[in-house]
Amino acid sequence: MKIFHVPCLEDNYSYLIIDESSKEAAIVDPVEPEKVLEAAKQHGVDLKIILTTHDHWDHAGGNEKMKEMVPGIKVYGGSLDNVKGCTDKVENGDKISLGANVNILSLHTPCHTKGHISYYVTGKDGEDPAVFTGDTLFIAGCGKFAEGTAEQMYQSLCVTLSSLPKPTHVYCGHEYTVKNLQFALTVEPDNTKIQQKLSWAQQQRQAGLPTIPSTIEEEMETNPFIRVDLPELQKLVGFHDPSEALREIRQRKDNWRG
């Protein structure tokens, strides 16, 4: 299994997932079809599947054109979202296969949208798994609660995604990492892991390189939204219920002008 970034729009990422043995590929959130098809051509792969994380235009807006340009391509999307061009609706636990060795598990991670799906992808034995989290989990951040509650985001982040193996690579929908880490330091100013990752992320961006992927383990060390079960973080934000702590941190982020 190989994964390649396809930068789109101002700060979005689509991702090409390739089963190396068959040269079949899936594409996550192909908002700019021409760019995606060029990337597929460069890697010599046959696009079979679109994985749509949620129904916002900057993720699902390229689906209809992709269907025109790649006849027969399947478009997967959450059953509770209104995903443009969707041919196959998925729910929590649904499985999709790609080529000979790539398996995809649909995880319902609602809050940003009510039908948001994260896709957990595994390859051959010995390869680290990956999860494509759209706008639910960002590197050091989370999506706005556009269609859900703090309780739902807690379940999505701290139960569903946190339960994945720690080496799982995290591929999110936007390049927001530097700002997210700067905000994270306002919540946990003494967290040296956040300080170190911010320095690294700034160097990556100055070099024109992505800050993605992260790992589940790194997120559990540096992402305040996923750390709300920790008593020391609850104490810092003044709430002992993890969902309330999560709501408080999200409100601070919404009002932050860093």
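Visitor: How far apart should the ends of helix α6 be, and how far apart are they?
Guide: This is a predicted model. Helix α6 covers residues 192-206, which makes 15 residues. At 1.5 Å a residue they should span 21 Å, and the end C-alpha atoms are 21 Å apart, so the two agree.

Visitor: Which residues of α6 are buried?
Guide: Ile 194, Lys 197, Leu 198, Ala 201 and Gln 204. They cover an arc of only 125° around the axis, so they sit on the same side of α6.

Visitor: What do they pack against?
Guide: The buried residues of α6 pack against α5 (177-187), β14 (214-215) and α7 (216-222).

Visitor: And what is on the face turned away from the buried side?
Guide: That face of α6 carries Gln 196 and Gln 206, which are exposed.

Visitor: What kind of peptide bond joins Ile 212 and Pro 213?
Guide: A cis peptide bond, with omega at about 10°. Pro 213 belongs to the loop between α6 and β14.

Visitor: Which of its residues are buried?
Guide: In α4 the buried residues are Ala 150, Met 153, Tyr 154, Ser 156, Leu 157, Cys 158, Thr 160 and Leu 161.

Visitor: How does α4 cross α9?
Guide: The axes of α4 (residues 150-161) and α9 (residues 242-255) come within 9 Å and cross at roughly 105°. The two helices are therefore roughly perpendicular to each other.

Visitor: Which residues meet there?
Guide: From α4, Ala 150, Glu 151, Met 153, Tyr 154 and Leu 157; from α9, Pro 242, Ser 243, Leu 246 and Arg 247. The residues of this contact divide into six nonpolar, one polar and two charged.

Visitor: New topic. Is His 59 buried or exposed?
Guide: His 59 is buried, with a relative accessible area of 0%. This residue is in helix α2 (residues 57-60).

Visitor: What does His 59 touch?
Guide: Leaving out residues up to four places away in sequence, His 59 touches Asn 12, Asp 29, Pro 30, Val 31, Thr 52, Thr 53, His 54, Asp 135, Gly 173 and His 174.

Visitor: Where is Asp 29, then?
Guide: Asp 29 is in the loop between β3 (24-28) and α1 (33-42). The residue is buried, at a relative accessible area of 2%. Its phi is near 50°, a positive value in a residue other than glycine.

Visitor: What about Ala 140, what is its phi?
Guide: Phi of Ala 140 is near 65°, which is positive in a residue other than glycine. Ala 140 lies in the loop between β11 (137-138) and β12 (141-142), and counts as buried at 1% relative accessibility.

Visitor: Which strand holds Pro 7?
Guide: Pro 7 is in strand β1 (residues 2-8). Pro 7 is partly exposed, with a relative accessible area of 49%. The cut-off matters here, because exposed means over 50%.

Visitor: What is Pro 7 in contact with?
Guide: Apart from neighbours within four places in sequence, Pro 7 contacts Asn 12, Tyr 13 and Lys 35.

Visitor: Last one: where is Asp 94?
Guide: Asp 94 sits in the loop between β6 (88-90) and β7 (95-98). Asp 94 is partly exposed, with a relative accessible area of 30%. Not counting residues up to four places away in sequence, Asp 94 touches Lys 89, Ile 104, Leu 105 and Ser 106.

How values were computed: Residues numbered from 1 in each chain as written. Predicted model: local features only at pLDDT ≥ 70, side-chain atom pairs only at ≥ 80, totals over all residues. Heavy atoms only, no water. Axes fitted to C-alpha atoms, helices over the stretch in contact; angles between N-to-C directions. Helix = DSSP H or I, 4+ residues; strand = E, 2+ residues; numbered from the N terminus. Parallel < 35°, antiparallel > 145°, perpendicular 65-115°, else oblique. Contact = heavy atoms within 4.5 Å. Nonpolar A, V, L, I, M, F, W, Y, C, P; charged D, E, K, R; others polar. Expected span 1.5 Å × (residues − 1). Buried < 20%, exposed > 50% of the residue type's maximum accessible area, 1.4 Å probe, protein only. Arc of directions from axis to C-beta.
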